[in-house]
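The report below is meant to be read beside the sequence and the 3D view. Please keep both open while following the residue numbers.

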Amino acid sequence: MATAARDAPSFAGSEEADEAVRGTCEDASICKRFAVSIGYWKDPYIQYFVRPAKERKAPEINRGYYARVHGVSQLLTAFLKKTECNCQIINLGAGMDTMFWRLKDENLLPKKYFEVDFPMIVARKIHNIKSKPPLSKPIMESHSGESFLIDAHSLDSSRYAILAADLRDSSELDEKLKKFNMDTQLPTLLIAECVLVYMTPQQSASLLKWAANTFQAAMCINYEQVNMADRFGQIMIENLQRRQCSLAGVEACKSLDSQRDRLLLNGWETARAIDMMEVYRYLPQADVKRIEGLEFLDEKELLEQLMQHYCICWAVKDRCNLGLSNITF
Ligand SMILES: C[S@@+](CC[C@H](N)C(=O)[O-])C[C@H]1O[C@@H](n2cnc3c(N)ncnc32)[C@H](O)[C@@H]1O
């Protein structure tokens with residue numbers, strides 16, 4: 001007779017594989033902190049979440065991070081403006097992201113900002129929040145009412161919540177978000193920044209389908225690898241594999257079309273995808289001039305190659321005709 005454990009679907013990867021995926025959180029925030037430290041963009045909060053880099057990061061890496069942070073934040077700001085902040089944001093695999101704090105400073109907070117990650121990452125983030133007043137104060141200032149909850153693996157206040165869940169299990173995710181008052185009637189922005197590539201195509205499809213079916217009006221921003229079938233892509237895969245980190249979802253990262261198709265096949269009405277070189281070209285000339293003056297970059301081709309292997313995709317479902325499909329660069 002089959003046992004309950006054997007009948008239950010298994011979402012988790014092996015413990016070693018998941019540990020390597022969790023390690024990518026540290027990598028991303030160290031690179032962001034380094035780029036901030038030499039003036040690429042301002043983020044007074046990243047220093048509280050991660051140690052400084054042990055060595056310099058290459059200029060093409062720093063410019064790549066600038067385009068990534070700028071690109072995501074441009075679409076996010078357009079969504080907040082379109083909905084007049086009468087919306088919620090769910091950052092999937094948020095790691096040590098600091099967007100909540102930066103939006104609070106800009107007076108652009110949505111009704112509620114949710115973050116989701118593995119329990120170990122969430123516990124680390126909550127520990128930092130609890131022990132560092134520049135992080136805890138903005139949460140307390142934006143909180144109203146009595147229902148403030150904080151334990152090792154979750155924090156729930158009126159404007160900010162962080163919770164531990166495995167994104168490969170959409171029903172667990174749905175249940176936990178609802179417990180923290182996610183409102184399925186509110187326009188919702190879902191962000192996945194370098195996250196979907198760590199799950200199988202079936203798992204990311206099911207997450208995207210859950211998101212498209214749950215909200216009446218929603219936008220999804222996905223930043224990750226693209227053009228991974230070529231030689232440069234293969235080298236990126238091998239480098240990660242050497243650190244025991246496999247890109248289980250690389251199949252969806254073959255091309256801009258495969259990225260778009262995944263969104264369109266899983267319930268989203270419109271979807272667009274552009275590589276990061278294009279995002280870089282859309283940057284205001286004054287920004288380009290400023291960041292290119294920060295560090296000398298010898299090999300322009302290296303930057304182009306790198307940028308052609310990452311993309312931003314954004315998809316919309318707009319049953320309330322809010323004009324979300326007009327959001328673009
Ligand atoms: C490359 S990091 C990016 C972090 C953040 N989004 C950023 O861009 O700075 C990937 C993050 O996704 C999280 N993640 C990956 N797979 C996940 C899963 N199945 N469930 C929950 N979190 C996951 C990792 O723990 C990690 O924090």
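Predicted model: local features only at pLDDT ≥ 70, side-chain atom pairs only at ≥ 80, totals over all residues.

Residues are numbered from 1 along each chain as its sequence is written. Helices (H or I, at least four residues) and strands (E, at least two) are DSSP runs, numbered from the N terminus.

**Ligand surroundings**

The ligand is surrounded by 21 residues, of which Thr-24, Cys-25, Gly-93, Gly-95 and Glu-193 are the closest; a residue is near a molecule if its C-beta atom, placed from the backbone, lies within 6 Å of it. Helix α2 (residues 15-37) supplies the largest share of this shell, with six residues. Sorted by class, the shell holds eleven nonpolar, four polar and six charged residues, where Ala, Val, Leu, Ile, Met, Phe, Trp, Tyr, Cys and Pro count as nonpolar, Asp, Glu, Lys and Arg as charged, and the others, Gly among them, as polar.

**Two helix contacts**

Axes are lines fitted to C-alpha atoms, for helices over the stretch in contact, and angles run from 0 to 180 degrees between N-to-C directions. Helix α3 (residues 59-82) and helix α13 (residues 300-307) have axes that come within 10 Å and cross at roughly 40°, and α3 and α13 are therefore oblique to each other. Angles under 35 degrees count as roughly parallel, over 145 as roughly antiparallel, 65 to 115 as roughly perpendicular and the rest as oblique. From α3 the contact takes Glu-60, Arg-63, Gly-64 and Ala-67, and from α13 it takes Leu-302, Leu-303, Leu-306 and Met-307, two residues being in contact if their C-beta atoms, placed from the backbone, lie within 7 Å. Five nonpolar, one polar and two charged residues make up this contact of α3 with α13.

Helix α5 (residues 119-131) packs on helix α6 (residues 133-142) at an angle of about 85°, the axes being 5 Å apart, so α5 is roughly perpendicular to α6. Here Asn-128, Ile-129 and Lys-130 of α5 meet Leu-135, Ser-136 and Ile-139 of α6. The classes in the contact of α5 with α6 are three nonpolar, two polar and one charged.

**Loop residues**

A residue is buried if 20 or more other C-beta atoms lie within 10 Å of its own, exposed if 12 or fewer, and partly exposed in between, with C-beta atoms placed from the backbone.

| Residue | Other C-beta atoms within 10 Å | Class |
|---|---|---|
| Cys-194 | 18 | partly exposed |
| Asn-227 | 19 | partly exposed |
| Gln-216 | 14 | partly exposed |
| Leu-283 | 19 | partly exposed |

Cys-194, in the loop between β6 (188-193) and α8 (201-214), has a positive phi of about 60° although it is not a glycine. Asn-227 lies in the loop between β7 (217-225) and α9 (231-242), and its phi, near 55°, is likewise positive in a residue other than glycine.

Gln-216 sits in the loop between α8 and β7. Its C-alpha atom is separated by 5.5 Å from that of Arg-319, although the two are 103 residues apart along the chain. Leaving aside neighbours within four places in sequence, Gln-216 is in contact with Gln-185, Arg-319 and Cys-320.

Leu-283 belongs to the loop between α11 (276-282) and α12 (285-292). Leu-283 and Gly-71 are 212 residues apart in sequence, while their C-alpha atoms are 8.7 Å apart in space. With neighbours within four places in sequence left aside, Leu-283 is in contact with His-70 and Val-288.
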